[in-house]
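Please walk me through this protein chain, term by term. I would like to learn what each label rests on.

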Amino acid sequence: MSGAQPHPAASTTPGWVRELTMALPIYPQILLVGNVRDEYHLPTPHAPEATAIYSLETLLARLLEEQGYAALATHDIATDHITTTRLHDEATLAPTLASGPGWAATLTRSASGLDFPHLRQVLTELTANLTAAPTALLFPFADRLTTPGERQPESARLFFSAADALAHRARRPIVAGTEQPYNTVLWIAERLEDLPAAFATTNPRIRQISVPHPSAEERLVAARRAVRIITTREPDLGASPTEQEQAAEHLASATHGMQATQVAAIGQLAAHQRIGINEITDAARLYRVGVTDNPWRDPQVLKRISEGEQRLNARVRGQHAAVRKTMDIFMRSTAGLTGAHAGSSPNRPRGVLVLSGPTGVGKTELAKGIAELILGTDAEPIRFDMSEFASEHARDRLIGAPPGYVGFDAGGELTNAVRAHPISVLLFDEIDKANPALFDLFLQILEDGRLTDGRGAVVHFTECVLVFTTNLGVVGPTGRLTRHDEPEQVRAQLTAAFEDFLDHQLGRPELRNRFGDSFVAMDFITTDIADEILDAMLDTVTHRVRRVHELTVTIGAHAREVLRTEAHRNLDDGGRGIGTVVETCLTNPLSRHLFHHPPQPRQQLHITALTHDGIGWSVEVQHG
C-alpha cells in the first residue's frame with residue numbers, strides 16, 4: 001500500500017468492496033474473480049478525503065484487521081510457502097498458526113506438482129480450530145493450482161472437493177454467548193472457468209464476488225495520478241490545476257475497460273516519451289497497441305497523406321467521391337479527432353470505410369492504396385475473404401477456439417494478425433457473405449476498438465483502418481444496374497440495399513449506426529476512365545517486357561483502337577473486364593509470339609495490328 005494521496009474529490013468505496021466487507025463475517029469461504037490483479041484507489045480508514053493505493057492482498061489485510069481477525073496466512077505459489085502475517089499485536093494467535101504442521105510448514109512439490117494432501121490438512125485444521133480471534137487463509141492464485149483443460153491428478157480433485165465440503169462443515173466460535181466470524185478461506189482467481197468445474201458453483205456457503213474493471217470515477221482517480229507523474233517529470237510544462245484536471249478527465253474517458261494500473265502506466269509512458277498532458281489521450285492509444293511512437297505524426301506518413309488525394313486518384317480512376325471520403329478519415333486521424341463525437345467510446349479504430357459497388361470499380365485497389373499511404377510503398381492490407389467465413393464455425397477461425405476445443409492453442413486469424421501488426425489496414429472483402437454471428441464481432445470492434453480472443457487476451461484495433469467491401473444492390477428488384485443508369489440512381493440503390501441488409505436481413509440497425517457516414521457508393525467506369533485504365537495497363541505490359549526480356553515494345557494506333565473497342569464492349573465489368581481484354585487480346589498472343597520467335601535483347605518490337613481468326617487473337621509485329 002502506498003502513502004495516502006489527498007484530493008478534494010477522493011473516490012468512494014466501490015460496491016464490490018462493500019460486498020466483501022459484508023461477506024467476511026458471515027461466509028466461511030469467499031471467492032473473488034475478475035479484475036483481481038489491479039490496484040485499487042480507496043479512501044483511507046481515518047481520512048476519507050484522501051485515497052490510498054492497495055493491491056487486493058493488502059486490501060484484504062486491511063479489511064480483516066478492521067473486523068478483528070488475528071492473522072492472515074497466505075499461500076505463495078512461487079515459493080510454496082505459507083507465510084503468516086499478524087494483524088493485531090495484542091491478539092493471541094491460534095495454536096495451529098503458531099505451531100501446527102499445516103500453517104507454518106514449507107510446502108513441497110512432488111513430481112506431479114503441489115502436495116495437495118498437505119493443503120487438505122491445512123484446510124481441515126483451519127476449519128476445526130475454533131478460537132476467539134478468527135484467522136484467514138488466502139490463496140492468491142487459486143486458478144493456477146491446476147491447469148485448465150488438462151487431466152488433473154486425483155489429489156487435486158480431492159483437494160477442491162474437500163474445500164467444497166469443508167465450507168459446509170465450518171462452524172463459528174462462540175465467545176461469551178456470541179458467535180464470532182468464521183476462520184475464513186479466501187480464493188482469488190482471474191477467471192472462474194480456470195477453476196475446477198464443480199468448485200464453488202452451487203455451494204451457498206462460498207460467496208462469489210466479482211471484481212469489475214474500474215468505473216469512470218475510479219479511472220479518474222488513477223488518471224489524476226498519471227497526470228501527476230507527467231507534471232512531476234516535466235515541471236516546466238506549467239499546466240494549471242484546471243488544465244491538469246481536464247487532462248485527467250480526458251484520460252479517464254479514453255481508458256474505458258482498462259485497469260487502474262494501466263492508467264497509471266500511461267502516465268509513465270507519456271513522461272518517458274515527453275508527451276504533454278494535452279496529448280495524454282494519444283499516449284493512451286499508443287499504450288494499448290504497444291508502440292511508442294504515434295504513426296499519424298510521422299513526417300513521412302504526413303507527407304504521403306498530404307499527397308493522398310492525388311496518389312489515390314491516380315491509382316483508382318474515376319472514384320473521386322470515395323477518395324475524398326478516404327482522405328477525410330485520414331485528416332481526422334492526424335488531427336486526433338477520431339471518435340471525437342462519441343465521448344463514451346473514444347477508442348474506436350482510426351478509420352472505417354464501407355465500399356459498395358459493382359465488380360471492377362476499384363474497391364480492393366483503393367484498400368491497397370490506403371495501405372501504402374499509411375504503411376509505405378509495397379504495403380498490403382490484411383485481407384479476409386468473407387465468403388470463406390460463412391460457416392457456423394467462422395467466429396472461431398477469426399478469434400480462436402475457446403479452451404478445450406480443437407485449435408485453441410492456434411488462436412484466431414484476425415486477432416493473431418492484429419496482435420502481430422497493431423498498425424494495419426484490414427480488408428473484409430464481400431462482407432455480406434459472412435456468417436451473421438460475425439457481425440457481433442464487428443459491432444464490438446467498431447464501438448470499443450477491441451476484441452477478446454478465445455484465450456481471453458484483449459486485442460486492440462485502435463490503430464487500424466477497417467475497409468469493408470460489398471456489391472449488395474448491384475442486382476436489385478428492377479434488375480441489374482448498368483453503367484447506363486444515372487449515378488444518383490446507382491448510389492441510392494446501393495445505399496438502400498446495404499441498409500436493408502443490416503436492418504432487416506441481419507436485424508442489426510445498431511450496426512448501421514456504428515458504420516455512420518463511412519458508406520461510399522462507387523460509380524461505374526465511364527468510357528473516358530476506361531481509356532485511362534487501358535493506357536495504364538498497356539504501360540504495365542510494356543514495362544514488364546522491357547524488364548524481363550530487355551525489349552522495347554510499342555503499340556501502334558490500330559492495335560490500340562482494337563483494344564479500346566473491345567474494352568468498351570462491356571464496361572459493366574469495370575477494370576477487371578478491361579484487364580481481361582488486355583490479357584486475352586494482347587498478353588496471350590504476344591507471349592505466344594515471343595515463345596515461337598525469341599527476339600534478341602535490346603531489340604525493338606512494334607505491334608502494328610491485333611487480329612481475331614475465329615479461334616483466338618494474334619499479333620502482327622515489326623522487329624526493329
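The questions and answers below set values beside definitions.

Q: What kind of model is this, and how are its residues numbered?
A: This is a predicted model, in which local features need pLDDT of at least 70 and side-chain atom pairs count only at pLDDT 80 or more, while totals for chains, interfaces and linings use all residues. Residues are numbered from 1 along each chain as its sequence is written, and side-chain values use heavy atoms, with hydrogens and water left out.

Q: How many helices and strands does the protein chain have?
A: The protein chain has 21 helices and 25 strands, where helices (H or I, at least four residues) and strands (E, at least two residues) are DSSP runs numbered from the N terminus.

Q: What makes W187 buried or exposed?
A: A residue is called buried under 20% relative accessible area, exposed over 50%, and partly exposed in between, with a 1.4 Å probe and protein chains only. W187 has a relative accessible area of 0%, so it is buried. Across the protein chain, buried residues make up 50% of the 624 residues.

Q: Which residues is W187 in contact with, leaving aside its neighbours within four places in sequence?
A: Contact means heavy atoms within 4.5 Å, and W187, which lies in strand 12 (residues 184-189), is in contact with Q29, I30, L31, L32, L123, F139, A142, F159, F160, A163 and F199. The C-alpha atoms of W187 and I30 are separated by 6.2 Å, although the two residues are 157 residues apart along the chain. For the protein chain, among contacts with a separation of 6 or more, 71% are accounted for by residues 24 or more positions apart.

Q: Why is R395 called partly exposed?
A: R395 has 33% relative accessibility, a value that therefore counts as partly exposed. R395 is found in helix 14 (residues 394-399) and, not counting residues up to four places away in sequence, touches G400, A437, L438, D440 and L441.

Q: Why are R274 and R602 called exposed?
A: R274 counts as exposed because its relative accessibility is 63%, and R602 is exposed because its relative accessible area is 67%. R274 sits in the loop between helix 8 and helix 9, whereas R602 sits in the loop between helix 21 (574-596) and strand 24 (604-612).

Q: What is the phi of R274, and what is that of R602?
A: R274 has a phi near 55°, a positive value in a residue other than glycine, and R602 has a positive phi of about 65° although it is not a glycine. Most residues other than glycine have a negative phi.

Q: Why do the buried residues of helix 1 count as lying on the same side?
A: In helix 1 (residues 15-23), the buried residues are W16, V17, L20 and A23. They cover an arc of only 125° around the axis, so they are on the same side of helix 1; the arc is that of the directions from the helix axis to the C-beta atoms. These residues pack against strand 2 (29-34), strand 3 (40-44), helix 2 (56-66) and strand 13 (206-211).

Q: Why are helix 4 and helix 5 called roughly parallel?
A: Angles run from 0 to 180 degrees between N-to-C directions, with axes being lines fitted to C-alpha atoms, for helices over the stretch in contact. Angles under 35 degrees count as roughly parallel, over 145 as roughly antiparallel, 65 to 115 as roughly perpendicular and the rest as oblique. Helix 4 (residues 116-128) and helix 5 (residues 154-169) pack at an angle of about 5°, with their axes 9 Å apart, and are therefore roughly parallel to each other.
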